[in-house]
Amino acid sequence: MSSATSQISCFSTIQNRFNLTHSHPHLLPSQLRIVMNSDRLAMKVSSSGSRPALKFTAKSSKSDNDILDKPLSNIEDNVNEDEISEPVENAVTEPVKAAKIHDFCFGIPYGGIVFLGGLVGFLFSRNTATLMSGGLYGGGLLALSLISLKVWGQGHSSLLFILGQAGIAATLLWKNMQTYSLTKRILPTGFNIVISGAMLCFYAYVVVSGGNPPPKKKAKAAAAAALS
């Protein structure tokens, strides 16, 4: 019984293909391929020997006309939608190149130390040059650090103010090295050399690393824009 049913279905498929080829000469190869696939599926189901298989074959032969009536563009769209079934992985955004710490985090304390150092030196030595030096360099460091903080909060680059602080640190380093070569005093000259050299290296690190890290709100907005 199953072999007879299979032969009948094969004969029906060949006859349908022959009729479709002659009745629809305008069909494209892609449309004929879809019909052949549907007929092949009907043949597989009919080989199982069950009665519902014959019903499915009849339905599939009727659906061939429905497929042929659709435009080729709609068929291609359906095929593309079936093929794209894998979920798209979230895009991995590259981190923004920047330093791990802001310049003003160390720049403000450094400026305060220089300013207080000039004030304390004036109290002990009564030397006006020490007070002027501490007020000038310390005040400059504080001003540049605070401006850098304000500019960074607005989302702009503060590279110019970082370079200004680095220039003051280099000037203090050179000046204190000259003073140490004459006096050989560890305090306060030696201390100023160490702290000025360390801050100069810190400013160089911030500049080479790409500047201050962006604010958290701006970083989140950039990440969201990259994902979208």
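Guide: Let's begin with the contacts: counting those between residues at least 6 apart in sequence, 71% join residues at least 24 apart. Keep in mind that this is a predicted model.

Visitor: How many helices and strands does the chain have?

Guide: The chain has 9 helices and 0 strands. Read from the N terminus, the elements run α-α-α-α-α-α-α-α-α.

Visitor: And what share of the 228 residues is buried?

Guide: Buried residues account for 27% of the 228.

Visitor: Let's pick one residue. Where is S148?

Guide: S148 sits in helix 6.

Visitor: Is S148 buried or exposed, and why?

Guide: S148 is buried, because its relative accessible area is 0%.

Visitor: Which residues does S148 contact, leaving aside neighbours within four places in sequence?

Guide: They are D103, F104, S158, F161, Q165 and N212. With S158 there is also a polar contact between the side chains, at 3.2 Å.

Visitor: How many residues apart in sequence are S148 and N212?

Guide: They are 64 residues apart in sequence, and their C-alpha atoms are 9.5 Å apart in space.

Visitor: What about S133, where is that one?

Guide: S133 is also in helix 6, which covers residues 128-153.

Visitor: Buried or exposed, and why?

Guide: S133 counts as buried because its relative accessibility is 16%, and the cut-off for buried is under 20%.

Visitor: What does S133 touch, not counting residues up to four places away?

Guide: S133 touches G138 and K175. The side chains of S133 and K175 are joined by a polar contact of 3.0 Å.

Visitor: Change of topic. How do helix 6 and helix 7 pack?

Guide: Their axes are 9 Å apart, at an angle of about 160 degrees, and helix 7 is residues 159-183. Helix 6 is therefore roughly antiparallel to helix 7, as angles over 145 degrees count that way.

Visitor: Is the crossing left-handed or right-handed?

Guide: The crossing of helix 6 past helix 7 is left-handed.

Visitor: Which residues in helix 6 and helix 7 meet?

Guide: From helix 6 there are S133, Y137, G140, L141, L144, S145, I147, S148 and V151. On the helix 7 side they meet F161, G164, Q165, I168, T171, L172 and K175.

Visitor: How many of those are nonpolar, polar and charged?

Guide: The contact of helix 6 with helix 7 has 8 nonpolar residues, 7 polar and 1 charged.

Note on methods:
Residues are numbered from 1 along each chain as its sequence is written. This is a predicted model: local features need pLDDT of at least 70, side-chain atom pairs count only at pLDDT 80 or more; totals for chains, interfaces and linings use all residues. Side-chain values use heavy atoms; hydrogens and water are left out. Helices (H or I, at least four residues) and strands (E, at least two) are DSSP runs, numbered from the N terminus. Buried means under 20% relative accessible area, exposed over 50%, partly exposed in between (1.4 Å probe, protein chains only). A polar contact is a pair of N or O atoms within 3.5 Å; within protein, one must be able to donate a hydrogen and the other to accept it, and residues adjacent in sequence count only if both atoms are side-chain atoms. Contact means heavy atoms within 4.5 Å. Axes are lines fitted to C-alpha atoms, for helices over the stretch in contact, and angles run from 0 to 180 degrees between N-to-C directions. Angles under 35 degrees count as roughly parallel, over 145 as roughly antiparallel, 65 to 115 as roughly perpendicular and the rest as oblique. A crossing is left-handed if the near helix is turned anticlockwise from the far one by less than a right angle, and right-handed if clockwise. Ala, Val, Leu, Ile, Met, Phe, Trp, Tyr, Cys and Pro count as nonpolar, Asp, Glu, Lys and Arg as charged, and the others, Gly among them, as polar.
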